[in-house]
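Visitor: Hi, I'm new to this one and would like a walk through it. Could you bring it up?

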Amino acid sequence: MDTYLLPAAMRELPPPWHDLTYRRSQALEALAPTEERLEQARHVLRACLPDRRQSVHDWDEELRDFYDDRDDHVLDEADAWLTRIMPTTSQVTRERVVQVVGAWADMGIPTVPEPPTEQWVDRVAAEWAASVRQALAYDAFTFIERATTAGSPNGGEAEDVALLAAAFVRVGVAVEAAVRLLVSLGRPRGEQALRELVNDDEVRDFRPYVRSRLLGLRRSVYDVRAREATRDEEPLLPEGLQGLPYSWQNDFGWGATAPDSQSLAQARSALEACLTVERLPDDAQMCGDASADCSAIAEVVRALMPYPRLVTRERMNEAWRECQSLGFEFQGIDAACFAKVWCKRIADRVTAAVFRWLADLPQGGEAAAGDKEPAALSATALWAAELAERCARRGSAVQEAIWFLHRTDDVPGSREALARLAFDPSLPATTRNAAQEWAQ
């Protein structure tokens with residue numbers, strides 16, 4: 001008697017869903033998404049949903065590593081044997097997996113033990129069954145998404161597919177296709193499901209991906225808030241920063257801003273203001289373990305407050321609540337501390353942008369005889385060198401500040417500042433090393 005690897009509901013799927021070859025996808029692309037066919041696709045999803053978390057394709061990782069970058073078709077041929085011997089869901093059995101393994105052994109596949117052990121066959125069988133679930137679910141989600149994009153499903157259908165998509169994410173099967181469908185459902189149902197997923201411990205390693213797609217769905221909400229005037233909101237950045245017209249979207253870059261008296265005075269005022277922003281120790285702990293977490297948090301803060309003038313207490317509190325709803329777990333950080341951390345980071349980014357702009361200005365002999373305000377340019381290095389040293393000492397935009405000192409090292413003040421930074425034992429080694437690279 002055959003040992004079936006798939007449940008009866010999957011073995012009995014109607015055409016083209018029962019087909020495990022390339023012909024299934026071709027047939028589905030040609031089908032119009034009628035109500036009957038959409039219900040059939042939902043039936044496929046219900047049949048394919050496993051009762052526990054799945055791993056997919058672990059069995060052939062060693063094989064794929066072995067054939068990586070080889071210019072032959074051995075791996076394709078090995079894969080083809082699976083659907084050649086098991087072309088439909090009703091034919092996915094352990095006995096047929098044994099036939100496939102035998103074919104692989106005849107091909108000389110190096111990862112097949114000689115002779116194939118029962119344990120190894122069981123592993124291949126389990127992972128092949130999981131792969132079949134994944135492929136069918138992927139096609140079903142894609143079919144439904146095509147219909148969803150063409151027109152909004154009714155409330156009951158949207159609820160049904162949202163629940164199915166969330167369930168597949170939780171078990172780790174067809175995750176990308178399931179999340180893509182939830183995004184296509186939009187607000188409110190798709191967004192609600194994505195919010196629930198990012199706060200669910202079962203999602204685990206898929207959480208950053210789910211969160212990134214949810215952020216994309218929420219972006220329009222952030223943009224609307226960013227266009228609103230601050231009115232009676234409480235500004236959190238010093239006055240010298242509030243008037244800056246440069247956007248965080250462009251990393252606060254000054255671009256082609258002309259170096260005249262007004263822009264240079266604004267640069268000095270911005271640097272002096274940045275030096276007054278409170279610095280907190282170990283603020284990196286706010287982001288948890290992954291740098292991607294910090295990037296996602298920054299995306300929320302940047303979207304709600306793209307300009308320094310928009311950095312207010314009220315909007316920081318909104319960003320804090322939004323990040324919590326996105327499943328971020330902060331370590332001993334409350335809303336007030338969150339605001340201080342991001343004010344500091346914004347100040348550091350502004351500082352870096354200012355020093356990049358100053359470093360790119362004509363220095364010393366580079367200044368052309370026809371410069372409009374050579375006196376202002378010449379005097380820049382005098383006050384900027386002092387501010388660059390102060391910023392580097394407090395750990396703000398260290399690389400940019402030191403680079404500016406190097407670019408202006410024909411000025412005694414810059415050379416002396418570099419030397420002090422290079423050999424001050426009280427400074428972190430990274431700061432000293434950066435300065436020593438350029439100190440003469």
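Visitor: Let's start with W81: is W81 buried or exposed, or something in between?
Guide: This is a predicted model, and in it W81 has a relative accessible area of 25%, so W81 counts as partly exposed.

Visitor: Where does W81 lie?
Guide: W81 belongs to helix α5, which covers residues 74-85.

Visitor: And which residues does W81 touch?
Guide: Leaving aside residues up to four places away in sequence, W81 touches V100, A103, W104 and M107. As for V97, which is 16 residues from W81 along the chain, the C-alpha atoms of the two are separated by 9.5 Å.

Visitor: Switching to rings, how many aromatic pairs does the structure hold?
Guide: There are 13 aromatic pairs in the structure. In one of them, W248 and F252, the ring centres are 5.9 Å apart and the planes are at 25 degrees, which is under the 30 degrees that counts as stacked, so this pair is stacked.

Visitor: Are W248 and F252 buried or exposed?
Guide: Both W248 and F252 are buried.

Visitor: What about W320 and F330, how is that pair arranged?
Guide: W320 and F330 also form a stacked pair, with 4.9 Å from centre to centre and 20 degrees between the planes. W320 sits in helix α15 (residues 313-325), while F330 sits in the loop between α15 and α16 (335-360), so the pair ties together parts that are 10 residues apart in sequence.

Visitor: Buried or exposed, those two?
Guide: W320 has a relative accessibility of 11% and counts as buried, and F330 is buried as well, with a relative accessible area of 16%. W320 and F330 also belong to one aromatic cluster together with F328 and F338.

Visitor: Which arginine lies over the face of W248?
Guide: That is R302, which lies at 5.9 Å from the ring centre of W248. Elsewhere, R345 lies over the face of W342, at 4.9 Å from the ring centre.

Visitor: New topic, helices: how do α19 and α20 cross?
Guide: The axes of helix α19 (residues 412-422) and helix α20 (residues 429-438) come within 7 Å and cross at roughly 140 degrees. That angle makes α19 oblique to α20, and the crossing in which α19 passes α20 is left-handed.

Visitor: Which residues make the contact?
Guide: On the α19 side the contact is made by L418, L421 and A422, and on the α20 side by R432, A435, Q436 and W438.

Notes
Residues are numbered from 1 along each chain as its sequence is written. This is a predicted model: local features need pLDDT of at least 70, side-chain atom pairs count only at pLDDT 80 or more; totals for chains, interfaces and linings use all residues. Side-chain values use heavy atoms; hydrogens and water are left out. Rings of Phe, Tyr and Trp (its six-membered ring) pair if their centres lie within 6.5 Å; planes under 30 degrees apart count as stacked, over 60 as edge-to-face and the rest as tilted. Buried means under 20% relative accessible area, exposed over 50%, partly exposed in between (1.4 Å probe, protein chains only). Helices (H or I, at least four residues) and strands (E, at least two) are DSSP runs, numbered from the N terminus. A charge sits over a ring if NZ of Lys or CZ of Arg is within 6 Å of the ring centre and within 35 degrees of the ring normal. Axes are lines fitted to C-alpha atoms, for helices over the stretch in contact, and angles run from 0 to 180 degrees between N-to-C directions. Angles under 35 degrees count as roughly parallel, over 145 as roughly antiparallel, 65 to 115 as roughly perpendicular and the rest as oblique. A crossing is left-handed if the near helix is turned anticlockwise from the far one by less than a right angle, and right-handed if clockwise. Contact means heavy atoms within 4.5 Å.
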